[in-house]
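Student: Can we go through this one together? I'd like to start with helix packing and then look at the rest.

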Amino acid sequence: MNPNEIFTRAARIASKQLPELNPNALNAAIDEIKARTQRSAALNERAKKVLPNGSQHTLPLSNPYPFFMNKGTGSSLLDVDGNEYTDYILSGGAIILGHNDPGLIHSIQELLSNKTHFHGHFDELELDAAEQLISFFPSIEKVRFTASGSEANNAAIKIARAVTGKKKLIKFLGHYHGWGHEYLMDVEVPGSGKFVTNGIPDEYMDQTILVPPNDLEKLEDAFREHQADGGIAAIIIEPYGAESGLVPIMDGFNEAALEMAHRYGALYIMDEVVTGFRLGKGGAQQRLGVMPDLTTLGKGLMNGFPSCGAVGGKSEYMDAANVSIPYKTPYTYVAGTLSGNALSVAACKYVVSTLATSNLLETAESMAEDVVRKLNALFAAYESDFFAYNIGNILRVELTAPHAVPLTSPEALMEVVHRRQTLSSYSVLVASTGVLSRHGRDFVSCAHTLADNDRYVAGYEKLLQSFIR
Ligand SMILES: Cc1ncc(COP(=O)(O)O)c(C=O)c1O
């Protein structure tokens, strides 16, 4: 689906009242779930006592409560009560090969019988993983592993500052780069500004200049405005737009923004934490034909194994990343006890070499296209405004479009909140069919099948059938 159509269709959903669930259907689905997830319910009570707000994650389904899982195989999960689900959430995109890919698990089991981590010494696997990554992404000459995607972005921003000698960062409205001080603002809902920034002093956020995506004039204004005020060290971007395509980036924007960054002496950082392994070999940058100065990676990089992140780019920039007393410039401190540990780099080596030497990514993308086709046919059959599209094997399903509500008044903000809450009720209907979907950004793994897609579509059909007509 092209960006213009996505904008138009999201605006149409945002301009209308949302379809209302039949309360009987909603209550029946909640009762159905509760009846078969009693152990999850009990564990959730325990979680409330020991985890802040009962959760460690941003992703669990909240209505009626998160499910506790016990086992993953390919596209499916088994919960602690023995229920089976088809999973399209896939650990927020971290699972790319499928849950517990047998080859990956075998290689990690072998490794763990000999080693865990040799911090302060090296393991050849670190080089193997780095070489795999470098051969996967044409813009990367050197790579530093980090503990997460957020850490990779912290490192990239520091490197850009060290290299350029400049201070400020340009971030696009709605783009998410993790939970670091300088970019955890204006996330999820473009225009929401400091809505989620409690705990971060304004001084940090003052270093970040927010610019609307797809607006080259405003981008250039930002460069001009801040030249005398520290200058712009980098632009950071989700190359296909906020949350991997929620608000799409128009054709040609990445090229033009990169050219502008270079004209003003700034670096261009592509956050490919999600897109890196989901758009084919070489990630978004290869597909767009735009080579960033620095790339950040995470999630699919290790198929769910921990300490998952990396920053890579040209040698002249990456050599600024240092871990000891500075003996040369440019220099910035980028460290981490478990960065590049044996388990993580072994997982990375396995995942990247498997994706590079197979057609698994092409297959996963054709599965994503299949499910999008089927979902859109279903929505059309029910004369619904809902729509779906895919970017590689990233799925986007738009139901309530909170991001498309123009934020022109306090009432508009309440409408956004209402649309997000409504989405969580819609979730219940889909989850009651055994389909795990976030109704926004979902994912297809290399293990998903046509039968999984049919189950996913059936989950959405139950939702459509549950509206008051
Ligand atoms: C585009 C993007 N960048 C960075 C991150 C942060 O990665 P992590 O959660 O591993 O810190 C995320 C996480 O969702 C992401 O979607």
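Student: Which hand does the crossing of α5 and α14 have?

Tutor: The crossing of α5 and α14 is right-handed. Bear in mind that this is a predicted model.

Student: At what angle do helix α5 and helix α14 pack, and how far apart are their axes?

Tutor: Helix α5 (residues 102-112) packs on helix α14 (residues 342-356) at an angle of about 150°, and the axes are 10 Å apart. Angles over 145 degrees count as roughly antiparallel, so that is how α5 and α14 run relative to each other.

Student: Which residues of α5 and α14 make the contact?

Tutor: From α5, Gly-103, Leu-104, Ser-107, Ile-108 and Leu-111. Helix α14 brings Ala-342, Leu-343, Ala-346, Ala-347, Tyr-350, Val-351 and Thr-354. By class, this contact has 9 nonpolar and 3 polar residues, with no charged ones.

Student: Changing topic. How is the protein divided into domains?

Tutor: Domain 1 covers 3-100 + 359-465, and domain 2 covers 115-356. Their centres, taken over C-alpha atoms, are separated by 28 Å. The contact takes 21 residues from domain 1 and 26 residues from domain 2.

Student: Which element gives the largest share of the side of domain 1 that touches domain 2?

Tutor: That is α4, with 3 residues. By class, that side of domain 1 has 13 nonpolar, 6 polar and 2 charged residues.

Student: And the ligand: which residues come nearest?

Tutor: Of the 14 residues around the ligand, the nearest are Ser-148, Gly-149, Ser-150, Gly-178 and Val-273. Helix α7 (residues 149-164) gives the largest share of the shell, 3 residues.

Student: How does that shell divide by class?

Tutor: Into 9 polar, 3 nonpolar and 2 charged residues.

Methods:
Residues are numbered from 1 along each chain as its sequence is written. This is a predicted model: local features need pLDDT of at least 70, side-chain atom pairs count only at pLDDT 80 or more; totals for chains, interfaces and linings use all residues. A residue is near a molecule or strand if its C-beta atom, placed from the backbone, lies within 6 Å of it. Helices (H or I, at least four residues) and strands (E, at least two) are DSSP runs, numbered from the N terminus. Ala, Val, Leu, Ile, Met, Phe, Trp, Tyr, Cys and Pro count as nonpolar, Asp, Glu, Lys and Arg as charged, and the others, Gly among them, as polar. Domain bounds come from an automatic or database domain assignment. Two residues are in contact if their C-beta atoms, placed from the backbone, lie within 7 Å. Axes are lines fitted to C-alpha atoms, for helices over the stretch in contact, and angles run from 0 to 180 degrees between N-to-C directions. Angles under 35 degrees count as roughly parallel, over 145 as roughly antiparallel, 65 to 115 as roughly perpendicular and the rest as oblique. A crossing is left-handed if the near helix is turned anticlockwise from the far one by less than a right angle, and right-handed if clockwise.
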